[in-house]
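Please look through the structure below with its sequence at hand. The report that follows takes it part by part.

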Amino acid sequence: MASVAVLVFLATGCRNDAAPVWGYPELGATLGSLSRALEDGCAGTSPASCAAGLDRLDAVEERAFAQVLDHRLLDDAYVEARAEVARARELRLAAAAQARSRRDPHHLPLGRAVAAERLAYRHLLAALERLRTAPPPGDGTEPV
């Protein structure tokens with residue numbers, strides 16, 4: 001019985017520990033930060049103040065993008081989600097400029113643009129989560 005236990009211990013101890021951790025924990029932490037910032041940014045505020053919160057998400061999104069590139073996880077769905085965020089941001093910035101010229105923090109097009117950008121960020125989060133949880137190439141022992 002003791003020899004079987006020793007053999008099991010030796011067999012499990014002889015594995016390739018150089019393989020990357022599946023699940024990409026640093027990307028998971030960044031996704032958590034992005035998700036919390038997205039949810040905390042607009043509770044009961046005007047679209048103008050919510051837009052300022054969306055501007056702060058850019059740094060966290062860039063950190064997630066760098067991690068995706070580091071792990072070589074880039075795919076078409078993620079690229080499209082990033083493009084959707086960029087388009088929504090451009091529309092929001094144009095609507096914010098129009099709202100400032102009218103001096104109306106509750107400008108309806110700005111509210112719609114903020115909602116569209118928040119939705120684009122949710123799509124980006126979903127694409128990032130799918131990338132993060134996808135199995136690595138091969139059987140999980142190949143380098144990423």
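## Model and conventions

This is a predicted model: local features need pLDDT of at least 70, side-chain atom pairs count only at pLDDT 80 or more, and totals for chains, interfaces and linings use all residues. Residues are numbered from 1 along each chain as its sequence is written, and side-chain values use heavy atoms, with hydrogens and water left out.

## Overall fold

The protein has five helices and zero strands. Its pattern along the sequence is α-α-α-α-α. Helices (H or I, at least four residues) and strands (E, at least two) are DSSP runs, numbered from the N terminus.

Of the 144 residues, 32% count as buried. Buried means under 20% relative accessible area, exposed means over 50%, and partly exposed lies in between (1.4 Å probe, protein chains only).

## Helix packing

How do α4 and α5 cross? Their axes come within 8 Å and cross at roughly 165°. That makes α4 roughly antiparallel to α5. Here α5 spans residues 108-133, and α4 spans 76-102. The crossing of α4 and α5 is left-handed.

Helix α3 (47-70) also packs with α5, at an angle of about 20° and with the axes 11 Å apart. That makes α3 roughly parallel to α5. This crossing of α3 and α5 is left-handed.

Some terms need cut-offs. Axes are lines fitted to C-alpha atoms, for helices over the stretch in contact, and angles run from 0 to 180 degrees between N-to-C directions. Angles under 35 degrees count as roughly parallel, over 145 as roughly antiparallel, 65 to 115 as roughly perpendicular and the rest as oblique. A crossing is left-handed if the near helix is turned anticlockwise from the far one by less than a right angle, and right-handed if clockwise.

## The loop between α3 and α4

Leu74 sits in the loop between α3 and α4. Its relative accessible area is 43%, so Leu74 is partly exposed. Together with Leu69 and Val79, Leu74 makes a nonpolar surface patch of about 240 Å². Patches are made of residues with over 30% relative accessible area and no salt bridge; like charges are joined within 9 Å, nonpolar side chains (Val, Leu, Ile, Met, Phe, Trp, Tyr) within 5 Å. Accessible areas come from the Shrake-Rupley method with a 1.4 Å probe, and for residues only the protein chains shown count as cover.

Arg72 is placed in this loop between α3 and α4 too. Arg72 is not a glycine, yet it has a positive phi of about 55°. With 68% relative accessibility, Arg72 counts as exposed.

## Salt bridges

How many salt bridges are there? The count comes to eleven. A salt bridge is a side-chain nitrogen of Lys or Arg within 4 Å of a carboxyl oxygen of Asp or Glu.

One of them joins Arg130 and Asp75, with the closest N and O atoms 2.6 Å apart. Arg130 lies in helix α5 and Asp75 in the loop between α3 and α4, so this pair ties together parts that are 55 residues apart in sequence. Both partners are partly exposed: Arg130 has a relative accessible area of 39%, and Asp75 one of 22%.

Glu80 and Arg87 also meet through their side chains, at 3.0 Å from N to O. Glu80 is partly exposed at 44% relative accessibility. Arg87 is partly exposed at 43%.

A further bridge links Glu129 and Arg132, at 2.8 Å from N to O. These two are three residues apart in helix α5, so about one helical turn separates them. Glu129 counts as partly exposed at 31%, whereas Arg132 counts as buried at 19%. Elsewhere, salt bridges that share partners join Asp55, Asp58, Glu61, Glu62, Arg82, Arg89, Arg92 and Glu117 into one network.

Leu74 and Leu131 are 57 residues apart in sequence, and their C-alpha atoms are 7.9 Å apart in space.

Is Leu31 buried or exposed? Leu31 is buried, with a relative accessible area of 5%. Leu31 lies in helix α2 (residues 25-40). Its C-alpha atom is separated by 7.5 Å from that of Leu128, which is 97 residues away along the chain.
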